[in-house]
Amino acid sequence: MGSKYPKSVRLCLPLGALVLEVAFILTFTFTTSYDNFTNNQKFWSTYAVLQDVTVTAAIGLGFLNSSLRRHGWSSVAFNFFLLALGVQWGVLLDGFLNKSFRGKMTIKLSSIQEATMSAMSVLISAGAVLGRANLVQLMVMALVEVTTFGAMRWICKQMLIFEMEEHVSMMLIHVFAAYFGITVARCLSGARPQEEKTRAQAEKVQMATSPSLFAMLGALFLWMFWTSFNSALVDEASRKKAVFNTYYALAVSTVTATSASALGHHQGKINMTHIHNAVLAGGVAVGASCHLISSPWIAMVLGFMAGLISIGAAKCLMVCLNRTQAPEDHSGVHYTFGLPGLLGGLAYTALRLFDPGRSLTVGDQLLYDTGALSLALAMGLVSGLLTGLLLKLKIWKSPHVVKYFDDQTFWEFPHLAVGF
């Protein structure tokens with residue numbers, strides 16, 4: 001007999017999602033309008049970038065987390081649901097926080113593009129949370145995270161003394177989302193389960209061959225379209241450098257990750273999980289500074305370091321920390337986005353110090369850049385902790401620990417029905 005759906009999914013999800021969608025419709029009705037922009041060439045160039053970013057979010061991040069044996073449906077479909085929800089809220093939030101308007105706010109194609117990129121923060125965090133939370137909890141998490149990430153970007157751009165570029169504030173997404181998700185997952189997991197529960201989970205978090213190939217498909221889509229994500233908000237004059245440098249960093253991190261994975265195995269074999277996690281590390285590390293790098297070797301060095309750090313952390317972190325202290329991260333969010341994002345933030349800070357076009361002193365520039373990176377890390381950890389404690393409340397009726405990473409908790413399987 002198939003598993004019964006939790007009450008929170010059978011009742012709270014339809015009601016909560018429909019009420020929220022009606023609220024979105026009413027808000028769009030009374031507060032928004034389309035722009036009258038007539039430059040078709042600019043529109044279609046922006047639309048092409050939006051398509052690439054959407055593919056990155058829906059297919060790339062959706063399939064990247066689908067490698068677990070019994071959690072493939074939820075990984076892909078829940079990511080799609082969160083993306084659709086997050087984009088709507090992101091458009092409204094961007095208008096409320098960043099636009100000075102009288103009457104209705106104007107929605108441009110760039111507004112949808114930026115909202116899609118902001119919603120990717122939820123998809124990155126979901127890599128650490130999926131399997132431990134039901135869809136109602138994920139819906140609440142999406143609203144909180146998009147709001148917090150938008151507020152963090154607004155603080156960086158408006159309340160700090162210097163004006164941070166849109167691109168740079170967006171590239172803080174990796175650090176913020178990774179540590180937000182890891183903290184939420186840690187709160188939801190709580191105390192370690194008993195030995196028999198641990199054995200029950202161990203089988204579910206193992207990779208299977210076919211789902212692992214789908215996860216590799218997601219990694220390939222991310223690899224191919226990550227240049228569009230990194231260059232989406234860069235000005236036209238610097239976009240060529242952003243594309244070139246992202247390609248160089250991705251290529252080097254892929255070669256480095258594959259080699260390091262084989263080097264770390266006593267028989268020289270490659271771990272597919274390492275490839276899922278590390279091939280994107282170079283693109284993440286070069287994200288904030290891709291438009292500043294003037295020579296390919298700098299991007300290649302960043303890709304090399306990101307690949308080594310990602311593989312080294314994946315192999316050594318569980319050894320250096322006992323299992324009760326290690327991050328709750330079966331999808332490798334920490335190694336794919338967290339650590340490479342920190343490396344990228346430090347690289348951007350160093351490059352800005354040697355940028356002849358900066359208008360601040362060395363001390364001020366160092367203070368502001370490290371302050372922005374620290375703010376992203378701190379807000380990710382603190383908001384993740386508060387969100388995790390909120391989602392741990394019994395009112396959400398989250399899955400029991402023995403039902404973690406199990407599609408039968410949420411999906412209908414006709415072949416398991418009575419009388420089939």
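This report covers helices, salt bridges, aromatic pairs, cysteines and a surface patch in a predicted model.

## Basis

The model is predicted, so local features need pLDDT of at least 70 and side-chain atom pairs count only at pLDDT 80 or more, while totals for chains, interfaces and linings use all residues. Residues are numbered from 1 along each chain as its sequence is written, and side-chain values use heavy atoms, with hydrogens and water left out.

Helices here are DSSP runs of H or I with at least four residues, numbered from the N terminus; strands are runs of E with at least two. Helix α4 covers residues 109-129. The expected span of a helix is 1.5 Å times one less than its number of residues.

Most of α4 is covered: 19 of its 21 residues are buried. Buried means under 20% relative accessible area, exposed means over 50%, and partly exposed is in between (1.4 Å probe, protein chains only). Just after the helix, G131 takes a positive phi of about 100 degrees.

A salt bridge is a side-chain nitrogen of Lys or Arg within 4 Å of a carboxyl oxygen of Asp or Glu. R153 sits in helix α5 (residues 135-159), so this pair links distant parts of the chain, 39 residues apart. Both E114 and R153 are buried.

## A salt-bridge network

The count for the structure comes to 4 salt bridges. K42, E236 and R239 are linked in a network of them. E236 meets K42 at 3.8 Å, N to O. That pair links distant parts of the chain: E236 lies in helix α10 (residues 236-263) and K42 in helix α2 (residues 40-64), 194 residues apart.

E236 also meets R239, at 3.4 Å, N to O. These two are 3 residues apart in α10, so about one helical turn separates them. How accessible are the members? E236 is exposed, with a relative accessible area of 53%. K42 is partly exposed at 37%. R239 is partly exposed at 23%.

## Aromatic pairs

A search of the whole structure finds 11 aromatic pairs. Rings of Phe, Tyr and Trp (its six-membered ring) pair if their centres lie within 6.5 Å; planes under 30 degrees apart count as stacked, over 60 as edge-to-face and the rest as tilted. One of the pairs is F43 with W44: the centres are 5.0 Å apart and the planes at 85 degrees, so the pair is edge-to-face. F43 is partly exposed at 33% relative accessible area, and W44 is exposed at 52%. Ring pairs link F43, W44 and Y47 into a cluster.

F149 and F176 form a tilted pair, 5.5 Å centre to centre with 40 degrees between the planes. F149 lies in α5 and F176 in helix α7 (residues 173-189), so the pair ties together parts that are 27 residues apart in sequence. F149 is buried, at 0% relative accessibility. F176 is buried too, also at 0%.

## Cysteines

How many disulfides are there? The count comes to 0 disulfides, a disulfide being a pair of cysteine sulfur atoms within 2.5 Å. C156 is buried, with a relative accessible area of 0%. C187 is buried as well, at 10%.

## Surface patch on the nonpolar side chains

W297, V301, F304, M305, L308 and I309 form a nonpolar patch on the surface, with about 550 Å² of accessible area together. Patches are made of residues with over 30% relative accessible area and no salt bridge; like charges are joined within 9 Å, and nonpolar side chains (Val, Leu, Ile, Met, Phe, Trp, Tyr) within 5 Å. Accessible areas come from the Shrake-Rupley method with a 1.4 Å probe, and for residues only the protein chains shown count as cover. M305 belongs to helix α13 (residues 296-320). At 36% relative accessibility, M305 is partly exposed.

## Y348 and D369

Y348 is placed in helix α14 (residues 333-353). Y348 is buried, at 8% relative accessibility. Between Y348 and D369 there are 21 residues of sequence separation and 8.1 Å in space, C-alpha to C-alpha.
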